[in-house]
Structure formats: C-alpha cells, structure tokens
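Let's work through a few exercises together. Keep the sequence and the 3D view open as you go.

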Amino acid sequence: MIEIKNLKKVYSGEEKDVEALKGIDLKVEHGEIFGLIGPSGAGKSSFIRCLNLLEEPTAGQIIVDGQDLTALNTKELREARKELGMIFQNFNLLNSRTVADNVAFPLEIADANKEEINDKVSELLELVGLADKADSYPSQLSGGQQQRVGIARALANDPKVLLCDEATSSLDPETTHSILDLLRDINEKLGITIVLITHEMEVIKEICTKVAVLEAGKVVEVGDVIDIFTKPEKNVTKKFVQRIINANVPEELLSRVTVENPEHGRLIKICFVGDSASEPLVSDLVHNFQIDANILYGNIDKIQGIPFGTLIIELTGDLDQIESAIDCLHESDNVRIEVITDEESVSIHY
Amino acid sequence: MKNLLAFIIKDLGLLWTGIQQTFYMVGISMAISTLFGIPLGVGVVVTEEGNILENKYINFILSAIINVVRSIPFIVLMVALIPFTRFLINTSIGTTAAVVPLTIAAIPFIGRIVENSLKEVDNGVIEAAQAMGATPWEIITKVLLPESLPSLILGLTITAITLIGFSAIAGAIGAGGLGDIAVRYGYHRFETVIMVKTVILLIILVQGVQTFGNWLANTLDHS
Ligand SMILES: Nc1ncnc2c1ncn2[C@@H]1O[C@H](COP(=O)(O)OP(=O)(O)O)[C@@H](O)[C@H]1O
Ligand SMILES: [Mg+2]
C-alpha cells in the first residue's frame with residue numbers, strides 16, 4: 001500500500017543543517033493501522049509530513065499504491081493528495097465555516113456538485129456522530145468534536161489512506177479514547193489504511209496493528225504491536241513499554257522491605273502474553289525451589305485482543321534459591337521478568 | 001427651542017453638500033483602492049518565502065510599491081500627482097480630481113492592511129488545505145480571505161476613516177467636502193459656528209463608520 005524507501009529529510013539552516021530523517025525504509029500494508037512512535041524531536045512530524053509531501057523529502061521515494069509521489073508534478077500531486085486524508089493535532093478547521101461547510105471543503109476542491117456535497121456531508125457527519133452540529137461553528141465545539149469534524153473532512157474524498165499527525169495529543173484521555181475508537185471503526189468499516197504518529201504508547205497499544213519506533217531520525221525497531229510490547233529490544237522501545245506498564249504498578253509496593261533490603265528477598269514483576277498460564281508458573285516456583293511466593297498485584301490488559309498480564313510477586317526464603325528461581329524464569333519463553341529495586345532505573349531482564 | 005432649530009437649519013444646505021462630497025470622494029476612492037489593494041496585499045503575502053507562491057522578485061516589487069507610496073505624506077503625494085490627475089481626468093481641481101490622489105494613497109495602505117490580516121491566518125489551516133489538494137487560487141479565495149474577513153473589515157474601516165481625514169486635506173485643491181468647508185469658513189472667514197458644525201459632523205461620521213465596521217467584523221467573526 002505505502003512503501004517508503006530511503007526517506008531522508010534535511011532542513012538547511014543558517015548555521016548548520018538538521019538531519020531530521022536519516023534514511024527510512026518502511027512498508028505499510030493495506031488495511032493496517034500503522035503507528036510510528038518516538039520521543040520528541042525524533043522526526044515523527046517530519047516523517048508524516050513527507051508522506052503527502054507537505055514537506056519535500058531531501059531524498060527517497062514515497063510509493064502509494066504503486067505511484068511514486070516524489071516523481072509527480074504539482075498538478076498530479078494535488079490529485080494524489082485527494083487519496084490521502086490527513087488529520088492534525090490542532091484540528092486545523094476553518095473558523096469561518098460551519099461544521100458542514102468544513103466537511104464540504106475538500107469536496108468543493110474536488111469539484112463535486114451541490115447535491116453530491118450535501119449527501120456526502122450528511123453521511124460523514126452521521127458517521128462521526130455530529131449530525132446535530134452541522135450548522136455550528138468550530139469555536140462552539142469541544143476539542144474532541146473538532147477532531148471528529150477533522151476526521152469527517154479527511155474522509156470526504158474517500159481516501160485510501162488516513163494520515164494522523166498526533167491527532168489525540170491535545171485531547172484528554174477520555175476523549176482520546178473515543179477518537180481512537182472512531183479511527184478503529186473507520187479502519188474496519190471503510191477499510192482505510194491508517195498511518196499515525198504519536199509520542200504516547202497508549203495510542204499504539206489501543207489501536208495499532210504494527211508499530212515502528214523512531215529515534216534520532218532512524219527506525220530502530222519495527223514489528224507487530226504485541227511483539228514490540230512483549231519483546232522490546234532497543235532501549236527507547238523498552239522505555240516506552242516500561243512507562244505504560246510501570247504506570248500500573250502501585251507506588252506503595254516500592255517501599256516493601258524486599259525492595260529496600262534485598263537480603264529479605266526479591267520483588268519481581270512478571271509480564272506474560274496470551275494464555276500462557278501464570279498460576280502453574282508460580283506454584284512451580286514454590287515447589288521446585290522451596291521458597292515463598294506472595295502475589296501482591298495482578299493486572300490483565302489487552303493488546304490487539306490478546307491478553308497481556310502483569311503480576312508482582314514477592315519471593316522470600318533462601319537467597320540462593322531465589323536467584324535460581326529468577327534465572328529459571330528468565331529461561332521461560334512466554335514471560336518477561338523484572339526485579340524491582342528501589343532505584344529509579346528498574347533492572348529489566350529480557 | 002426655536003432658536004436652536006433655526007441654528008441647526010441655518011447652513012444646512014451648505015453642510016449637506018459637504019457631506020455628499022465627502023461621501024463621494026471617500027466612497028469612490030475606497031471602492032477603487034480596495035479593488036487594487038486586496039490583490040496587492042495578497043500578492044505580497046503569497047509570494048513570501050515559504051508561502052504558496054513563493055517568488056522573491058515579485059515579492060520585492062510589491063513590497064517596494066507599498067513602502068514607497070506609504071512613505072510619501074499625503075499632501076506631497078497630492079501635489080506630485082497633479083500632472084497625472086490632469087492627464088487622467090483633464091482637470092486637477094475639484095471633487096473628482098481629489099479622488100485620484102486619495103485612491104493612489106489608499107491602495108498601498110489597504111495592501112499593508114491586507115498583508116497584516118492574512119498573516120494572522122493559522123499556517124496549519126493553510127497546510128490542511130494543501131493536504132486536501134487545494135490550488136493556490138483556492139487557498140487564497142477559500143481559506144486566506146474568508147478566514148481573515150473580520151480582520152480585513154476592521155482594516156478597511158481604518159482606511160475609510162483615514163480617507164475622511166485625507167479628503168479634508170484635499171480641500172486644499174478645491175476638493176470640497178466637510179473638511180474644505182471647515183477650512184474655508186472657519187479659517188479664512190472666521191465663521192466659527194460653521195466650523196464647529198462641520199467638526200461635529202465629522203466626529204459623527206467617523207464614529208458612525210467605526211461603529212458600523214466593528215459591528216460588521218463582530219457579526220462575521222466566528223472564531
Ligand atoms: N521546519 C524546520 N526547520 C528546521 N528544523 C526543523 C524543522 N522542522 C523540524 N525540524 C527539526 O527536525 C528534527 C525533527 O523534528 P520533528 O520532525 O518535528 O520531530 P518530532 O515530531 O518527532 O518531535 C528536530 O530536531 C527539529 O528541530
Ligand atoms: Mg512533532
């Protein structure tokens with residue numbers, strides 16, 4: 001569907017040039033929700049803006065449906081852009097137009113007639129749940145509603161691809177959730193491929209099927225979301241994953257005696273994926289190593305419909321036995337464990 | 001009471017002619033200068049570096065036009081334009097003759113105002129239009145101008161008020177209008193009453209224009 005080949009972007013400045021994208025190769029398949037995550041300044045915005053050539057790539061190709069966008073002339077590019085809808089962090093709606101007229105804008109540009117426009121606008125407003133706001137102005141809407149208008153507008157010319165530039169970053173968590181639900185709906189109902197960029201792992205977790213991790217202008221890791229979550233390899237990725245998982249660990253556990261005084265035992269976090277049974281795992285530990293295991297916390301989340309669990313257990317008893325038990329857990333394929341210490345940097349074993 | 005009425009009615013004919021002439025001069029020059037000033041301002045903005053029709057040379061020329069004409073005081077411009085005015089309408093004296101320098105002065109004035117208004121339009125909105133495949137013409141007519149309309153209206157209001165002021169200066173070349181009456185009767189003939197009356201009328205006129213402009217801009221502003 002979309003093939004990005006050796007994409008480079010250099011911003012030439014007065015004093016020195018900024019190399020924002022350093023040769024990116026990615027493939028986005030038809031019907032995917034592809035997420036690109038990265039810390040601030042990694043080049044995410046540059047990347048997504050290069051996809052529809054809002055920013056001209058310094059080198060490389062953007063091939064959408066077999067058509068190389070970088071090879072098109074201005075007029076052809078304008079036509080090609082109608083196949084690529086885009087939504088923005090700040091919505092970018094026209095304040096001078098009503099909701100309905102905002103959605104009509106791309107249709108006017110595509111020279112649709114009045115009747116077609118009216119029909120399509122009603123259909124789209126229905127789809128995004130704003131049929132009753134057709135005659136309101138953007139300034140009378142909440143952020144979430146404005147983004148819905150943005151989505152309706154982006155879909156007006158039946159694009160094959162929807163580009164989302166930090167589309168939920170200025171929304172509160174609840175609204176973010178509802179917008180992401182809407183995007184997933186659109187992806188499923190209309191079969192539109194979605195490419196989104198974000199700095200929030202929550203967004204990736206919630207709707208993406210594939211994810212690429214961008215760091216300093218380079219893709220350092222790419223794969224299915226579930227794999228990235230369970231087997232992150234690069235440090236940036238681990239940090240992103242950890243942030244979202246650690247958010248689940250109750251703060252007070254960090255003051256446990258086993259954390260502050262390691263001679264009393266170990267506090268460990270076990271992450272498991274799918275139906276890999278954790279119960280036998282814990283009871284096996286107790287049997288095989290003659291140690292005590294005390295389950296302090298458990299939580300199951302879902303990524304792409306696959307259960308993804310976190311368990312915090314306290315191991316007490318003979319320290320050597322505890323170490324052997326931890327080693328044994330490391331061997332296990334389905335789980336990932338982590339020893340929680342009182343330091344900020346939790347040591348993670350993969 | 002009777003005295004007051006008589007006081008008001010006296011000179012009414014004279015003042016009415018003045019009002020008509022002022023409206024005529026300001027109205028015509030506003031209309032023509034808006035016609036030229038808006039394209040001028042739009043041209044400066046869109047040819048700027050990084051904008052939709054980036055063009056260094058055109059941008060330089062248009063900016064130069066605005067800056068040069070704007071830096072000439074109106075009274076100097078008016079005198080300097082006498083040959084041009086004579087060439088255009090065969091006379092350099094009278095109400096119609098005054099329209100020429102007023103228009104020439106107002107075009108770059110409006111150009112600058114349009115430039116400032118268009119620059120207030122959020123760049124993200126322009127990008128959104130580009131991402132939808134809009135042509136530069138569509139961006140100008142469907143995004144830049146409509147989005148800055150309230151601000152443009154306020155700018156045109158300022159222009160109209162400035163032109164009312166300039167039209168009084170144009171009285172010096174026998175342009176007529178309220179300003180001319182104030183100068184002729186008040187200054188040359190010491191008829192203070194007429195002068196006070198014209199001043200009051202001018203204040204009412206300017207206030208009226210400003211109030212109408214504010215109201216219109218407010219009504220059209222949905223942001
Ligand atoms: N228009 C620009 N001119 C110069 N440098 C830019 C421009 N846009 C982005 N950059 C630089 O490129 C790098 C990547 O920026 P960006 O793509 O915005 O990253 P992100 O969206 O991941 O925060 C940063 O170092 C940023 O300063
Ligand atoms: Mg960014």
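## Exercise 1: a sheet

Find the residue that A:Ile4 stands opposite in β2(A).

*Solution.* Next, look at the strand β1 of chain A, residues 2-11, which runs antiparallel to β2(A) and is joined to it by eight bridges. Strands here are DSSP runs of E with at least two residues, helices are runs of H or I with at least four, and both are numbered from the N terminus. Two strands pair if DSSP finds at least two bridges between them. Finally, read the order of the open, antiparallel sheet of four strands in chain A: β2-β1-β4-β5. Its edge strands, each pairing on one side only, are β2 (18-28) and β5 (67-68) of chain A.

A note on the model: it is predicted, so local features need pLDDT of at least 70 and side-chain atom pairs count only at pLDDT 80 or more, while totals for chains, interfaces and linings use all residues. Residues are numbered from 1 along each chain as its sequence is written, chains are lettered from A and ligands numbered from 1 in the order in which they are written, and side-chain values use heavy atoms, leaving out hydrogens and water.
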